[in-house]
Amino acid sequence: LNVKKLPNNYAEITCGSASYRIVGMASEEFPKLPKEENAPLVRVSGNTLLEMIKKTQFAISSDETRYILNGVFFEPRDGGKVRMVATDGHRLCLIERELQGDFKLKGGVIVPRKGLFELKRLLEEAPDAECSLGFAESSALFKKPGLSMVMRLIDGQFPEYQRVIPKEGEKQVQISRARLFDALKRIALLSADKSNAVKLSLADSQVRITANNPDLGEAKDDIEVGYKGAALTVGFNARYLIDVLTVTESDDVIIELGDEHSPGVLHAPGDKSYTAVVMPMRV
């Protein structure tokens, strides 16, 4: 195989008896990549970064008209910690982990969905490999042995996500993650096709999950819990709850609820470093 540059930015490719002349472009038109010296690289744990991506990626919006939500918000915090936040307007996921190092960012940046998924693929290939991450000139630079990747950041102001996270809910229930996960998957089979709507009815000592579909029928499942308080029924998209429970490792989860119009908040008992907020539905 031979490749030869010709005048007027043509390329000639020959291999055996085959020959091609391909139209090219001037090299000056290729997007300029950030210089490594302008992007202070911070050594990061590939496993930690991969965990953060997996626990937020499903909440990234696919609505192109709301482009600032088409990525994950990367925000350094005090004490060597970093937050990643994603929301599509119906749910929000926030994870905070230690990534020691100074990224020299004045505020947070928005990493686009496509670049984030490619970064996830690279991390899954070798999560234990030495990795570095840096930001400069509206781009993110990721490096691991033998490979460098540049991602153009989304230019825009991410919403004030902390205002979306409600204060501690009046009604809290601790429930087996696996039991809730299995119940939601079963009951969601009879939920409306597009909305995946289910009802969670909280009463003394139990949570009842129900779904009703005029074309298919209805289903319910009761889960015993240690709850004593006022009754409450609230609707949720079962898919949103299942997504969170899929990536949660704790044996139990806490569900915080206010009223039928308030978001539901999920997190591990005694640990809010990974928190999911799910907006309620009218069912």
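Four strands make an open sheet in the order 4-9-10-11, and their pairing is antiparallel. Its edges are strand 4 (42-44) and strand 11 (147-152), each of which pairs on one side only. From one strand to the next, the twist averages 25°. The model described here is predicted.

Strand 10 (residues 139-144) and strand 11 run antiparallel and are joined by 6 bridges. Within this pairing, Lys 143 stands opposite Ser 148 of strand 11. Helix 2 lies across strand 9 (131-136), strand 10 and strand 11. Its direction is at about 160° to strand 11.

## Helix 1 against helix 2

Two packed helices are described by the angle between their axes and the distance between the axes. For helix 1 (residues 46-54) and helix 2 (residues 113-125), the axes come within 10 Å. They cross at roughly 140°, which makes helix 1 oblique to helix 2. The crossing of helix 1 and helix 2 is left-handed.

Which residues of helix 1 and helix 2 meet? Helix 1 brings Gly 46, Leu 49, Leu 50, Ile 53 and Lys 54. Helix 2 brings Leu 116, Leu 119, Lys 120, Leu 123 and Glu 124. By class, this contact has 6 nonpolar, 1 polar and 3 charged residues. An α-helix has 3.6 residues a turn, so residues three or four places apart point the same way.

## The buried side of helix 1

Helix 1 has these buried residues: Gly 46, Thr 48, Leu 49, Leu 50, Met 52 and Ile 53. What do the buried residues of helix 1 pack against? Their partners are strand 4, strand 6, strand 7, helix 2 and strand 9.

Take Thr 48, which lies in helix 1. Is Thr 48 buried or exposed? Thr 48 has a relative accessible area of 18%. That is under the 20% cut-off, so Thr 48 counts as buried. Leaving aside neighbours within four places in sequence, Thr 48 is in contact with Arg 97, Glu 98 and Leu 99.

Strand 6 (residues 81-87) is mostly covered, with 6 of its 7 residues buried. Strand 6 pairs with strand 5 (residues 71-77) in the antiparallel sense, over 5 bridges. Strand 5 and strand 6 form a hairpin with 3 residues between the strands. There Gly 79 takes a positive phi near 75°.

Strand 6 also runs antiparallel to strand 7 (residues 91-98), and 7 bridges join the two. Thr 87 has Leu 92 of strand 7 as its bridge partner. This pair is a hairpin too, with 3 residues between the strands. In its turn, Gly 89 has a positive phi of about 95°.

Leu 92 has a bridge partner here, Val 277 in strand 19.

Strand 19 pairs in turn with strand 18 (residues 264-268), antiparallel over 4 bridges. Val 277 of strand 19 stands opposite Val 265. Strand 18 and strand 19 form a hairpin with 2 residues between the strands. Gly 270 in this hairpin takes a positive phi near 70°.

## Gln 100 in a loop

Where does Gln 100 lie? Gln 100 is in the loop between strand 7 and strand 8 (109-112). Neighbours within four places in sequence aside, Gln 100 is in contact with Val 42, Arg 43, Gly 79 and Gly 80. Glu 118 is 18 residues from Gln 100 along the chain, and their C-alpha atoms are separated by 23 Å.

## Helix 3 against helix 4

Helix 3 (residues 177-187) and helix 4 (residues 238-247) form another helix contact. Their axes come within 10 Å and cross at roughly 145°. The crossing of helix 3 and helix 4 is left-handed.

From helix 3, the residues that meet helix 4 are Arg 177, Leu 180, Phe 181, Leu 184 and Lys 185. From helix 4 come Ala 238, Leu 241, Ile 242, Leu 245 and Thr 246. The residues of this contact divide into 7 nonpolar, 1 polar and 2 charged.

Key:
Residues numbered from 1 in each chain as written. Predicted model: local features only at pLDDT ≥ 70, side-chain atom pairs only at ≥ 80, totals over all residues. Heavy atoms only, no water. Axes fitted to C-alpha atoms, helices over the stretch in contact; angles between N-to-C directions. Parallel < 35°, antiparallel > 145°, perpendicular 65-115°, else oblique. Left-handed = near helix turned anticlockwise from the far one by under 90°. Contact = heavy atoms within 4.5 Å. Nonpolar A, V, L, I, M, F, W, Y, C, P; charged D, E, K, R; others polar. Buried < 20%, exposed > 50% of the residue type's maximum accessible area, 1.4 Å probe, protein only. Pairing = 2+ DSSP bridges.
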